[in-house]
Amino acid sequence: MKKVIVGIVVVSMMFVTQVFAAGEAQKNTGCGLGALAMKDSKFSETLIGQLVMTFLNGISGNGTFGITTGTSECKAPTKVVENERLKEFAVANVDNLAKDIAMGQGESLETLAELMSIPAESRGATYAKLQSNFSNIFTSENIEAADVVDNIIAIITG
Amino acid sequence: MIVSSIKGCGLLKRSISLYIFIHILFPSYLFSEETPHIGDVLKKIEEERLYEDNYWRVLLHYKPERSGFESLIDDPSFFLSPYGKTDPKAELKATVREVFQSDKKDDEHPKCRFVARYEWLRDKLNIDEATFAAVNCKEYNNMINNIIHPKSLVLVFPASYMNNPASMFGHTLLRIDGLYQSKLLSYAANYAALAEDEPGFFYVFKGLFGHYKGYFKVFPYYERVAEYNDIEQRDMWEYSLNFSEDEVKRMFMHLWELKDIYSYYYFFDENCSYNLLFLLEAARPSLQLTDNIKPWVIPVDTIRIVKDSGVTENIKFRPAKATKIRHIASLLEENHQKLALKIANQALEPENIHSDETYTNLRSKEDYENPPVSPFSKGGLQYPPFSKGGQEGFEYKSPNDTDKIKILDLATETVQYKYNNRELTQDAYSKLFLAILRERSKLGAPEESSYNTQIPTPPEDGHLSNRLSLGLGIQDDILFQEIQLRPAYHSLTDPDQGYVEGSQIVFADTTLRYYNDGRIRLESFDMIDISSFSPRSNFFQPLSWKIKTGFSRKTYHDEKHLIYQVNPGFGLTYKNRVAGLWYILGQVNVNVGGEFKDSYAAGAGLHIGTVKKITDYWKINLSAESLFYGIREWFHENRAAAVQSFRLNQNNSINLSISWEEIFKNEQTEVKLNWNYYF
């Protein structure tokens, strides 16, 4: 009896530890499309993973008071005066921006408009213009967020 | 600080004695000449007993402890007196001394480090601001004036993960809105444990028992939205709070004081949600949110506490990507949903959405025989002869532009979902994503409000987290009464409002029974009983699972024994209009008890069932289980049950259940009626 219980405990301990060890850190995937952090691995989808997630709610492993997103390795748009927030937002939301521009509406697009100080009354027209120029903004799948912002500015002012 | 790397409460005493030791060596330290001004101030503090002020207790997180007070903050650098953790008076005096005498520069000066304490003292003691004019709080001023601009507060609750009932416990954040219209540009504060070591077996236990340090952190809100909505697929609830700008500023000053300060994280009580309440108290000290707390704090309960205190104004719902996908799909007929899937699966070029050939292909023989979606999606494909609308069933309705917009939007969301789920490489994703969007950009904007998802019952309106149940029943002609207590949280047969359908998470459910023949018995003790019956669809193919472990009574050799069992299972769940949610799981069960040969028996079998909501107030759960034991003992166990649940109101429900079981050829039938009260 004792052996059985000890056995079960040891095996499940090994299992849990293995699963944990398999979890890998988030990878930085660049400054363009698809750069958003992905799920930490399939760990959270396993049964043990789901159970453990109960206890991990609220446990995380990175820095404190992190006001910035950590986009320092990405280049800044050239056509705007130094605007760190705009750059950070564009890098972190380039996928949603692409989606919103193609759809002609959306929260990311509104945010971008606000960061670029586009007056409320001209936003509708701006969104339509951007939508019809989608291919000129997102010229290739390897485009970086900074170039997206520059292209947007070129179209708005052009 | 004398000792900066204190790791536990036991060690704290050592730092105090070290202090006393230093004090004996250098007695002048404490009694250094104080300017007469400080003497006056300290006297005033004594006279007005300022250290008993509620706001002082809030700022230092003091809670009554035996005869005195103790702060819940564990970081020694949070206190200016070595006795600060347990002595509000000593801490206040030390604060005054430090503020007046510190030779630290600018941001390190206590005026800047402990802004809220300083401002309170300044107002209470009528200190002339000019006294500290030379101290410039650069960092703090930059943060509050140039970056965050705190103006209003929103409490944010990300609800469950899809298919992960455990996450029902949720998490809470405090969003700080500033000058921007766009809420994505706000910042969000949360309290989270920092796990410094490698994840391992003891990770969980450390989280439970306070071995991790918890810190307050601030993040751009768009990051949190991406994490919860897009990656973890959690709907988010946003409760705007009626704090004035001054109150919000006070909250922020306190948040600044807590920067880089730790307190030990306890999963059950001093957790993410509980600690966040201190920030609200700092905004409005009269709230007293952190006092009336049970031994365990479930995040949704903190939402209720905040709501009951009257500070919430309105609620906003921010749907997860998966919720959006379900919603857009619900606006399209099956054929068009399938088009979106084909695009997302790279089986159809996005530009071919305009080509007639696409629709010819859609009813090709190959497609008909091998639908690429799911072999189980019955009725999903309306081919001839099943087609409803068309003449002789051969007329396929091609989408108009409005439908095409929805199809492409659905494909877009699905591609993003797949990428987040690692079903696509970054290259493949970027190409596909842009190809779809290029087509989409040619079609204009969708009509206003077409994607407003239906808002479900907010989580705080669901039944409360604890349950007391009184029951009366008959088991094989013997009458019994039972009392059942469950500290957490939700079971399949409880009312669904505010919870995820098909999910169950039960901890420490305990049932005592009194049989009319005089026996009083512990009937069952379910330590953990979690199920996730998450339906599969064209767009999502989750696995369903359950895990149950605890003690229950089983008839064995004509006598009932308390048996410990571990019972996991995996399977599939579907949903349809007639049967509701129906599930089939393979399961194993390990029984441990002295009655068995070598004290255990293991078996495997099936578990099937349905959960059908007939009205908002009436739900039926039918289930049948079968287990064959072949290891150590040879027997079978069959069980069937029908439970009807009637919801009376938010916190009362009635269950009527009929069950039958057969173990070792011992049959047993039971009928019982339970009244459930949630509190």
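## Chain A: overall build

Chain A contains seven helices and one strand. This description, like everything that follows, rests on a predicted model. Read from the N terminus, the order of elements in chain A is α-α-β-α-α-α-α-α.

Chain A has 158 residues, and 49% of them count as buried. Where contacts in chain A link residues at least 6 apart in sequence, 54% of these contacts join residues at least 24 apart.

Chain A is assigned two domains: domain 1 covers residues 2-69 and domain 2 covers residues 84-157. The contact between them draws on eight residues of domain 1 of chain A and 10 residues of domain 2 of chain A.

The size of an interface is often expressed as the accessible area that is lost when its parts come together. For domain 1 and domain 2 of chain A, the area buried between them is about 710 Å², and carbon and sulfur atoms account for 58% of it. The number of salt bridges between domain 1 and domain 2 of chain A is zero.

## Chain B: overall build

Chain B comprises 18 helices and 22 strands. It has 679 residues, of which 55% are buried. Among the contacts of chain B between residues at least 6 apart in sequence, 64% link residues at least 24 apart. The accessible surface of chain B amounts to about 30,000 Å², and 54% of that area belongs to carbon and sulfur atoms.

## A hairpin in chain B

Strand 1 of chain B (residues 62-65) and strand 2 of chain B (residues 68-71) run antiparallel and are joined by four bridges. Within this pairing, Lys63(B) has Glu70(B), in strand 2 of chain B, as its bridge partner. Two residues lie between the strands of the hairpin, and Arg66(B) adopts a positive phi near 45° there.

## Backbone features in chain B

Two further residues of chain B, neither of them glycine, have positive phi values. Gln288(B) has a phi near 50° and is located in the loop between helix 11 (272-283) and helix 12 of chain B. Gln288(B) is partly exposed, because its relative accessibility is 45%, which lies between the limits of 20% and 50%. Asp598(B) has a phi near 55° and belongs to the loop between strand 17 (580-592) and strand 18 (600-615) of chain B. With a relative accessible area of 45%, Asp598(B) is likewise partly exposed.

A cis peptide bond runs from Ala488(B) to Tyr489(B), with omega near 20°. Tyr489(B) is part of strand 12 (residues 488-490) of chain B.

Pro299(B) is found in helix 12 (residues 299-308) of chain B. Its relative accessible area is 4%, so Pro299(B) is buried, the limit for that class being under 20%. Although Pro299(B) and Thr172(B) are 127 residues apart along the chain, their C-alpha atoms are separated by 6.5 Å.

## Salt bridges

Side chains of opposite charge can pair when their charged atoms come close. Over all chains of the structure, 51 salt bridges are found. One of them joins Glu232(B) to Arg234(B), with the closest N and O atoms 3.0 Å apart. Glu232(B) is buried at a relative accessible area of 16%, and Arg234(B) is buried at 1% relative accessibility.

Another salt bridge links Lys259(B) and Asp260(B), whose closest N and O atoms are 3.5 Å apart. Here Lys259(B) is buried, with a relative accessible area of 17%, whereas Asp260(B) is partly exposed, with a relative accessible area of 37%. Arg486(B) also forms a salt bridge, with Asp494(B) as its partner and the closest N and O atoms 2.9 Å apart. Arg486(B) and Asp494(B) are both buried.

Salt bridges with shared partners also build one network, consisting of Glu107(A), Arg175(B), Asp177(B), Lys183(B), Glu238(B) and Arg318(B).

Technical notes. Residues numbered from 1 in each chain as written. Chains lettered and ligands numbered in written order. Predicted model: local features only at pLDDT ≥ 70, side-chain atom pairs only at ≥ 80, totals over all residues. Heavy atoms only, no water. Buried < 20%, exposed > 50% of the residue type's maximum accessible area, 1.4 Å probe, protein only. Contact = heavy atoms within 4.5 Å. Pairing = 2+ DSSP bridges. Domains from an automatic or database assignment. Buried area = accessible area lost by both parts, 1.4 Å probe. Salt bridge = Lys/Arg side-chain N within 4 Å of Asp/Glu carboxyl O. Areas by Shrake-Rupley, 256 points an atom, 1.4 Å probe, with all protein chains shown as cover.
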